[in-house]
Amino acid sequence: MQDYRDFLDEILITEEQLQKRIAELGEEISQDYQNEDPHLICILRGGILFLTDLMRHIRVPNTIDFMAVSSYGVERQSTGQVRITLDLKDDIQDRNVLLVEDIIDSGYTIASVLSFLNMRHPKSLKVCALLDKPDRREVEVPIHYLGFSIPNKFVFGYGLDMDEYYRNLPFIATVDLDRYKPD
């Protein structure tokens, strides 16, 4: 496997910047959900690091569940067709749901997930996204809590992958696709 430094373009968001902003989001969510016990739903796999760090900063009781969706196929851009590959374990009817997502770009995936979850009649449904690519947006979606707006570049690290690798990096970086050589 290629060393990420061989195709790293730039570190877009440092570990320190990530952790500072996630702490701020946790505080904001804690204030907004006082006495509400939010049910956090993480979109796997990219959102797992964000969820675990975010949970540590939420000071109100909360529960978690997971969903996995696919919209990418073999390409690095969303196909716009969303498949649920892992459904929720818990019933969300009459619960305050906070959808935790790693990145929103075209908006198709998150719009489909929100529509799917709304059919289950939660008390409230909000979105917390670590990253937003507003220049890629094709479908408008609400983002109630946002970590960072980023340019329309391919990113990896901190849960985001390059061909399933490099999710473990503590920062978010951009890729020089001319230097990336997949196996």
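A salt bridge here is a side-chain nitrogen of Lys or Arg within 4 Å of a carboxyl oxygen of Asp or Glu. Keep that in mind for the views below, which all come from a predicted model.

**View 1. Glu 164 and Arg 167 form a salt bridge.** The closest N and O atoms of this pair sit 2.9 Å apart, so the pair falls inside the 4 Å limit. Glu 164 is partly exposed, at 44% relative accessible area, whereas Arg 167 has 18% relative accessibility and counts as buried.

**View 2. Arg 136 meets Glu 138.** Here's another salt bridge between side chains, with 3.8 Å from N to O. Arg 136 counts as buried because its relative accessibility is 14%, and the cut-off for buried is under 20%. Across the whole structure, a search turns up 14 salt bridges.

**View 3. A salt bridge joins Lys 153 to Glu 10.** The N to O distance between these two side chains is 3.5 Å. The pair ties together distant parts of the chain, 143 residues apart: Lys 153 lies in the loop between strand E7 (145–149) and E8, while Glu 10 belongs to strand E1. Buried or exposed, or something in between, for Lys 153? At 35% relative accessibility, Lys 153 is partly exposed. Glu 10 is partly exposed too, with a value of 32%.

**View 4. Three strands make up an open sheet.** Follow the order E1-E9-E8, and you'll find the pairing is antiparallel. Strand E1 (8–13) and strand E8 (155–156) are the edge strands, each pairing on one side only. Four bridges connect E1 with strand E9 (residues 172–175) in the antiparallel sense. Glu 10, the salt-bridge partner of Lys 153, turns up again in this view: Glu 10 stands opposite Thr 174 in E9.

**View 5. Helix H1 covers residues 15–32.** Which residues of H1 are buried? They are Leu 18, Arg 21, Ile 22, Leu 25, Gly 26, Ile 29 and Ser 30. What covers these buried residues includes E1, E7 and E9, along with helix H2 (48–55), strand E5 (96–104) and strand E6 (124–132).

Methods
Residues numbered from 1 in each chain as written. Predicted model: local features only at pLDDT ≥ 70, side-chain atom pairs only at ≥ 80, totals over all residues. Heavy atoms only, no water. Pairing = 2+ DSSP bridges. Helix = DSSP H or I, 4+ residues; strand = E, 2+ residues; numbered from the N terminus. Buried < 20%, exposed > 50% of the residue type's maximum accessible area, 1.4 Å probe, protein only. Expected span 1.5 Å × (residues − 1). Contact = heavy atoms within 4.5 Å.
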